[in-house]
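Biologist: I have a structure open and would like to learn how to read its features. Could you walk me through a few?

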Amino acid sequence: MAALKKRYYQKIDEEVYSAILDNGMSLSIIKKKGFVEKAAFLSTNFGALDNHFYIDGDLQSYPAGIAHFLEHKLFEDEQGRDVTLDFVKLGADVNAFTTLEKTTYYFSTLDHFEESLELLLKFTSVVPTTKGREFLSQAKKIVQEVDYLKNMYQDDPDYRAYLGCLQSLYPNTILDQDIAGSVDSIEEITVKDLKDNFDCFYKPPNCHLVLVGDF
């Protein structure tokens, strides 16, 4: 690993250390003196916009919502268990979110930080082998989430205005759709689609790890 480089932000009295790890992943450490709680954030440059891209000159196209689908799928281990339970055993709170440009996994904890960090890096480093029944079960859960979120946001004027602007400015593009995709697009996603996108975007050089706490 290259030596840590320190930057001091005087206006907010914050110290940030950064480096590039041997595997190519970028690392940032934000020191929080006197803080008991610690947190870690692992982001990959893979979001809802990235369903059309080129590999070796060939255009690859995938259904809308695949980044969000993959976010959900990584939370399952090879036996189909929710890895959230492993964080709970360590006393850590874990979650994730997908934006237009990124997918981020994160946790916070008071104890067992190193064990939790190891678990975070482990479950985001491999896509579990998905059997047909398990895959359909996960797809069904995401479809239910999409329906729930869309119904929940119908009374949110900020969201309606934001999405309405995108739909007016960029009709018939990925920007006029929900980040989670649609019921139809989710049903088009295959196991191979998930593995191909994981292999393409979840490489260490495409990821950024941020650690926050009194280190």
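Modeller: Gladly! Buried means under 20% relative accessible area. This is a predicted model, and Phe87 has 0% relative accessibility, so Phe87 counts as buried.

Biologist: Which residue forms an aromatic pair with Phe87?

Modeller: That is Phe107: the two rings are 5.9 Å centre to centre, with 40 degrees between the planes, and the pair is tilted. Phe87 lies in helix H2 and Phe107 in strand E8, so the pair ties together parts that are 20 residues apart in sequence. Phe107 is buried too, with a relative accessible area of 1%.

Biologist: How many aromatic pairs does a search of the whole structure find?

Modeller: The search finds 15. To read one, look at the angle: planes under 30 degrees apart count as stacked. The planes of Phe46 and Phe201 are at 10 degrees and the ring centres 4.3 Å apart, so this pair is stacked. Phe46 sits in the loop between strands E4 and E5, and Phe201 in helix H7, so the pair links parts that are 155 residues apart in sequence. Both Phe46 and Phe201 are buried.

Biologist: And the strands? Which strands pair with E9?

Modeller: A general idea to start: in a regular strand, side chains alternate between the two faces of the sheet. Here, E3 pairs with E9 in the parallel sense over six bridges, and Gly213 in E9 is the bridge partner of Lys31. E4 pairs with E9 in the antiparallel sense, also over six bridges, with Leu42 opposite Leu209 of E9.

Biologist: Why is E9 largely enclosed by the rest of the structure?

Modeller: Because six of its seven residues are buried.

Terms used. Residues are numbered from 1 along each chain as its sequence is written. This is a predicted model: local features need pLDDT of at least 70, side-chain atom pairs count only at pLDDT 80 or more; totals for chains, interfaces and linings use all residues. Side-chain values use heavy atoms; hydrogens and water are left out. Rings of Phe, Tyr and Trp (its six-membered ring) pair if their centres lie within 6.5 Å; planes under 30 degrees apart count as stacked, over 60 as edge-to-face and the rest as tilted. Helices (H or I, at least four residues) and strands (E, at least two) are DSSP runs, numbered from the N terminus. Buried means under 20% relative accessible area, exposed over 50%, partly exposed in between (1.4 Å probe, protein chains only). Two strands pair if DSSP finds at least two bridges between them.
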